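Trainee: Could you walk me through this one before I start on my notes?
Mentor: Gladly; let us have it on the screen and go through it piece by piece.

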Amino acid sequence: MRTAVYPGSFDPITLGHLDIIHRSRAVADRLIIGILANPRKDPTFSLEERVQQVRKSVAGMKHVRVQTFDGLLVNFAKHVSADVIVRGLRAMSDFEFEFQMSLMNRRLRPESETVFLISAEPWTYLSSSAIKEIVRFGGSVRGLVPPHVEEDLRRKLRLVPDSLRSI
Ligand code: PNS
């Protein structure tokens, strides 16, 4: 039984994250989604909101569990007995940060192996920060995040539904 951890801020979860969660079956029998409690950037959604969004998004996926963590990722991985860390790669621009992070994590805990999964093409230009910017400026993110996250974004950013828009 191989356990992997998929860490991130998930602020909010997107269909790109869900694509990686589905793909993780290729490398692990059990996936623990680790939601970082205090990401470097001030999160738009509280930890509780992000947990609810992720739980709702993965409801029914038997191999997936959702937990929160604080502090070092490798300590969390050890705590949940995961030797694999899953990260998604969208484009070369992700590589430098991911490369640095995986080597640092290996130094901190050599038993942790980082496995990179390549996002499906439609998600290669998708990021949580782009999603928030689009919603803030009134654009539609339909088909890029789960519908319940789209609603949360509208509510959080105090926008009216598309159906009530005049343009
Ligand atoms: O979704 P993100 O913001 O790209 O996820 C980044 C995350 C949570 C994977 C990374 O910031 C992390 O692991 N933070 C925990 C602190 C840690 O272990 N830092 C050392 C890595 S070099």
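**Strands, loop and salt bridges**

Mentor: Threonine 3 stands opposite arginine 30 in S2, and since this is a predicted model, let us keep that in mind throughout.

Trainee: In which sense do S1 and S2 pair, and over how many bridges?
Mentor: S1 and S2, the latter covering residues 30-36, pair in the parallel sense, and six bridges join them. Between the two, the chain passes through helix H1 (residues 15-23), and this β-α-β crossover is right-handed.

Trainee: And what about S4, how many bridges join S1 to that one?
Mentor: Two bridges join S1 to S4, which spans residues 84-89, and these strands run parallel. Within that pairing, valine 5 is the residue that stands opposite isoleucine 85 in S4.

Trainee: How many of the residues of S1 are buried?
Mentor: Six of the six residues in S1 (residues 3-8) are buried, so the strand is mostly covered, with buried meaning under 20% relative accessible area. Thr3, Val5 and Pro7 point one way from the strand while Ala4, Tyr6 and Gly8 point the other way, and all are buried.

Trainee: Switching topic, where is proline 39 placed?
Mentor: Proline 39 is in the loop between S2 and helix H2, the helix of residues 47-57.

Trainee: Buried or exposed, that proline 39?
Mentor: Proline 39 is buried because its relative accessible area is 11%, and the cut-off for buried is under 20%. Leaving aside neighbours within four places in sequence, proline 39 is in contact with Ser9 and Arg50.

Trainee: How many Å separate the C-alpha atoms of proline 39 and phenylalanine 99?
Mentor: Those C-alpha atoms are separated by 19 Å, and the two residues are 60 residues apart along the chain. Phe99 also belongs to a nonpolar surface patch of about 420 Å², which it makes with Met92, Phe95 and Leu103.

Trainee: Where does methionine 92 lie, then?
Mentor: Methionine 92 lies in helix H4, which covers residues 92-108. Methionine 92 counts as exposed because its relative accessible area is 69%, and exposed means over 50%.

Trainee: Now the charges: what does the count of salt bridges come to?
Mentor: The count comes to ten salt bridges. One of interest is between the side chains of lysine 132 and aspartate 11, with an N to O distance of 2.8 Å. That pair links distant parts of the chain, 121 residues apart, with lysine 132 in helix H5 (residues 128-136) and aspartate 11 in the loop between S1 and H1. Lysine 132 and aspartate 11 are both buried.

Trainee: Which residue does glutamate 113 meet in a salt bridge?
Mentor: The side chain of glutamate 113 meets that of arginine 106 at 3.1 Å, N to O. Glutamate 113 counts as partly exposed because its relative accessibility is 39%, and arginine 106 is also partly exposed, at 41%.

Trainee: And which residues are linked with Arg142 in a network?
Mentor: Glu150 and Arg154 are linked with Arg142 in a network of salt bridges. The side chains of arginine 142 and glutamate 150 meet at 3.4 Å, N to O.

Trainee: Is arginine 142 buried or exposed, and what about glutamate 150, buried or exposed?
Mentor: Arginine 142 is exposed, with a relative accessible area of 56%, whereas glutamate 150 is buried, with a relative accessible area of 8%.

Methods:
Residues are numbered from 1 along each chain as its sequence is written. This is a predicted model: local features need pLDDT of at least 70, side-chain atom pairs count only at pLDDT 80 or more; totals for chains, interfaces and linings use all residues. Side-chain values use heavy atoms; hydrogens and water are left out. Patches are made of residues with over 30% relative accessible area and no salt bridge: like charges are joined within 9 Å, nonpolar side chains (Val, Leu, Ile, Met, Phe, Trp, Tyr) within 5 Å. Accessible areas come from the Shrake-Rupley method with a 1.4 Å probe; for residues, only the protein chains shown count as cover. A salt bridge is a side-chain nitrogen of Lys or Arg within 4 Å of a carboxyl oxygen of Asp or Glu. Helices (H or I, at least four residues) and strands (E, at least two) are DSSP runs, numbered from the N terminus. Buried means under 20% relative accessible area, exposed over 50%, partly exposed in between (1.4 Å probe, protein chains only). Two strands pair if DSSP finds at least two bridges between them. A crossover is right-handed if, with the strands pointing away from the viewer, the path from the first strand over the helix to the second runs clockwise. Contact means heavy atoms within 4.5 Å.
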